[in-house]
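Hi,

Here is the structure I promised to pass on.

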Amino acid sequence: MLRKAYKNAEKNNADIVVYKFKRYNEKTKEYTNCDWGFRKEYWPKKETVNYKDNPNDIFNSFHLAPWNKLYNKHFIEKNQILFQDNKRTNDLLFVCEAFAIADKISLLDEVLLTQRMGGFSPQATNYVAPLDFYKALFALKNYLKEKNLFEIQERKLQKISCFYLQSQY
């Protein structure tokens, strides 16, 4: 898995490589494709894309977890992209900041990861820190404003805000 993502990153000089994943339900022993987590059809048919290619769908084209992506270490360090210090939703800001400023996002149209479901789920602990998703979205809004990207990406932020509000309750 990692070798394929790394070769793709090298070939395309990518800041981020996004790849498909599937889910395995431990209770039912069934696999499910997760096409919703990799919406390649939203993007032009190019080796790499960035937010300018589709400013309204960058945050809702891909699953916003960090684990189905490979990040260029230099890109992350140069831009000081960090995980937020939240109990929950601590990865949202990291992933969205990276997507918001990446010049080259490579779309690797291949399943390279299986997410296990049916056991413990962090979603079951929403009550522990119910406003952490709000903190992450508020921090993202401030980041986009700081980078002069808010007006361009405001619609995207609205879409993921609605999604997180629905998924919390």
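Q80 counts as exposed, because its relative accessibility is 65% and the cut-off for exposed is over 50%. You'll find Q80 in the loop between α2 and α3 (92–101). Its backbone is worth a look too: phi of Q80 is near 50 degrees, a positive value in a residue other than glycine. Keep in mind that this is a predicted model.

K29 sits in the loop between β1 (16–25) and β2 (30–33), and at 56% relative accessibility it counts as exposed. One more positive phi, near 55 degrees, belongs to N148, which follows α4.

On to α4 itself. Helix α4 covers residues 132–146, and at 1.5 Å a residue its 15 residues should span 21 Å; the end C-alpha atoms are 21 Å apart, so the two agree. Which residues of α4 are buried? They are D132, F133, A136, L137, A139, L140, Y143 and L144. Seen down the axis of α4, these buried residues fall within an arc of 160 degrees, so they line one face of the helix.

A9, in helix α1 (residues 2–12), has a relative accessible area of 15%, which is under the 20% cut-off, so A9 is buried. Leaving aside neighbours within four places in sequence, A9 is in contact with A14, V17 and L70. The C-alpha atoms of A9 and Y71 are separated by 8.5 Å, although the two residues are 62 apart along the chain.

The other one is H63, in the loop between β3 (48–49) and β4 (69–71). H63 is in a loop but still buried, with a relative accessible area of 18%. Not counting residues up to four places away in sequence, H63 touches F21, W36, G37, N68 and K69.

Last, the second largest pocket. About 180 Å³ of space lies in it, and its lining is made up of N13, D15, N72, H74, F75, K78, N79, I101, D103 and K104. By class, that lining has two nonpolar, four polar and four charged residues. Which helix gives the largest share of the lining? Helix α2 (residues 73–78) does, with three residues.

Cheers

Terms used. Residues are numbered from 1 along each chain as its sequence is written. This is a predicted model: local features need pLDDT of at least 70, side-chain atom pairs count only at pLDDT 80 or more; totals for chains, interfaces and linings use all residues. Side-chain values use heavy atoms; hydrogens and water are left out. Helices (H or I, at least four residues) and strands (E, at least two) are DSSP runs, numbered from the N terminus. Buried means under 20% relative accessible area, exposed over 50%, partly exposed in between (1.4 Å probe, protein chains only). Contact means heavy atoms within 4.5 Å. On a 1 Å grid over the protein atoms alone, a cavity is a set of points where a 1.4 Å probe fits but cannot get out, and a pocket is an open set with protein on both sides within 12 Å along at least five of seven lines; lining residues have an atom within 4 Å of a point. Grid points are joined across faces, edges and corners, and a volume is the space filled by probe spheres set on the points. Ala, Val, Leu, Ile, Met, Phe, Trp, Tyr, Cys and Pro count as nonpolar, Asp, Glu, Lys and Arg as charged, and the others, Gly among them, as polar. The expected span of a helix is 1.5 Å times one less than its number of residues. The arc is that of the directions from the helix axis to the C-beta atoms.
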